[in-house]
Amino acid sequence: MGFFDTLNQARTQVYVISFVCFLCPGMFNALNSLPTAGPDAQNVKDKQNAALYFCFAIMGLLAGGLNNILGPRILAAIGGTGYAIYAAAQYNIFKVQGPDGKDPITDGANTFSIFSGAYIGLCAGMLWAAQGQICLTYPTESQKGTFFATFWVIFNLGAVLGNTIGTILSWGAGPKGYAMNDAMYLVFIVLMACGSVVAMLIQPPGTIIREDQTQVETPPTNVLREFVEILKLFGNPAMLTILIPCMASNWFYTYQFGPFGGYFSGRTNGLKAIFYWLAQAAGAWVLGNMFLDNTKYPRTTRAWTGVYLMAGTTVVFFGGGAAFEYVASAKDFVAIDAGDEFGRFFGPFILYICYGLYDAFFQVFTNYLIGAISNDSETLSRYAGFYKGTQSAAGGLSWALNGFVFTKEHGNALTSTAQFWVMVVPCAVSLIFFAVFTKVFVKDTTDEESSGSSMKAH
């Protein structure tokens with residue numbers, strides 16, 4: 001049986017959406033995790049990402065209902081178009097600044113950058129709504145962790161590939177060379193543009209067969225019903241309980257992709273980013289497949305194991321981060337270059353891998369908890385939209401604080417140490433809500449009568 005003959009199978013559809021995200025947000029993550037050529041470009045990037053996440057927040061909340069109406073193929077195909085434009089805007093900034101990165105950024109380049117951020121935000125909201133329905137609805141109850149982990153592995157390999165290409169192309173420039181160049185930007189733009197093409201392989205949800213031979217059921221809906229159901233999410237006790245973890249799940253990127261990157265040379269940032277995203281892939285697979293879907297233990301036991309894991313890694317990883325920040329924030333600290341001084345690089349390199357693991361654990365566990373409370377296709381599509389919408393609202397706030405409020409121009413820019421602790425606090429508070437959600441809402445088996453999500457395939 002060939003690949004195209006299996007397109008109506010649940011696992012194949014997860015592979016398809018994973019590869020779409022490999023090309024689009026995966027490459028976006030690779031591009032976004034690399035530092036810019038200077039503080040002016042970083043400020044533009046902060047504003048671009050603020051526009052991105054605020055528009056993402058709005059569309060993310062609406063796109064779950066929109067996905068129920070139009071279907072994941074249309075949303076993913078449209079959603080994929082924004083990523084190449086975002087990369088083109090960053091390339092434009094790169095060219096405007098000149099080879100030494102010191103020329104002033106024009107108003108036109110700045111405007112195009114912010115527009116591209118807003119447009120990719122709308123597109124990302126649609127793409128991730130399609131992804132959420134597929135990864136949360138298509139697996140059986142015992143496969144929800146594994147399916148999401150499979151997606152997370154493939155998706156993050158896009159960032160691994162992007163950073164690997166970038167590191168190879170920039171390594172010869174030496175410690176003071178930039179992580180990006182013309183060839184690298186063009187590679188990103190072309191690969192991202194291919195995502196919408198791959199999205200055409202996504203099949204209508206009503207034709208999908210799960211591995212237990214049940215068929216995904218998609219009852220008819222309309223715009224008014226979806227709007228009302230989306231509003232109800234803000235009164236849903238389960239969604240309100242998981243709200244803080246949803247908001248915290250992208251909050252730490254501002255520090256990890258901003259000030260933390262400033263402690264390393266351009267080519268070293270590319271090198272460490274490769275292993276950051278590899279750690280994401282490995283962490284997702286270990287937690288999702290080996291622990292959360294280990295049917296030897298009841299689902300409640302597995303969920304509590306996830307809570308304990310998140311608590312332990314929060315203390316250990318951020319404890320290590322605090323120690324590094326204390327040393328690195330000293331006035332005489334010199335940027336680390338892996339090629340010239342690997343001994344200095346090794347400790348922070350391990351720390352950054354731990355940050356990658358933590359991101360994967362946080363995302364997989366949050367998605368697992370949301371998927372554990374329903375099997376209904378429509379409901380989970382809305383839950384996925386709520387998750388990505390609130391996640392992006394908080395992400396937009398974090399980028400906006402750096403891009404518009406606490407800036408060099410205002411004379412009140414946050415220190416890297418302050419940004420570190422701003423990153424840590426929401427993650428620590430999320431542990432309380434993880435525990436409450438697991439205690440109150442996670443059961444060993446989801447009530448199929450209430451979910452009404454599947455029927456036996458004939």
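## Ile168 and helix H7

Ile168 is exposed, at a relative accessible area of 63%; exposed means over 50%, buried under 20% and partly exposed in between, with a 1.4 Å probe and protein chains only. Ile168 belongs to helix H7, residues 144–171. Helices (H or I, at least four residues) are DSSP runs, numbered from the N terminus. Between the C-alpha atoms of Ile168 and Asn110, 58 residues apart along the chain, the separation is 29 Å.

## Basis of the values

This is a predicted model, in which local features need pLDDT of at least 70 and side-chain atom pairs count only at pLDDT 80 or more, while totals for chains, interfaces and linings use all residues. Residues are numbered from 1 along each chain as its sequence is written, and side-chain values use heavy atoms, leaving out hydrogens and water.

## Helix H2

Helix H2 (residues 25–32) is mostly covered, with eight of its eight residues buried. These are Pro25, Gly26, Met27, Phe28, Asn29, Ala30, Leu31 and Asn32.

## Aromatic pairs

The structure holds 49 aromatic pairs. The ring centres of Phe420 and Trp421 are 5.0 Å apart and their planes lie at 80 degrees, so this pair is edge-to-face. Rings of Phe, Tyr and Trp (its six-membered ring) pair if their centres lie within 6.5 Å; planes under 30 degrees apart count as stacked, over 60 as edge-to-face and the rest as tilted.

Phe420 is buried, at 1% relative accessible area, whereas Trp421 is partly exposed at 46%.

## Charges over rings

The charged end of Lys272 sits over the ring of Tyr352, 3.5 Å from its centre. That of Arg344 sits over the ring of Phe333, 5.1 Å from its centre. The criterion is NZ of Lys or CZ of Arg within 6 Å of the ring centre and within 35 degrees of the ring normal.

Note on methods:
Helices (H or I, at least four residues) and strands (E, at least two) are DSSP runs, numbered from the N terminus.
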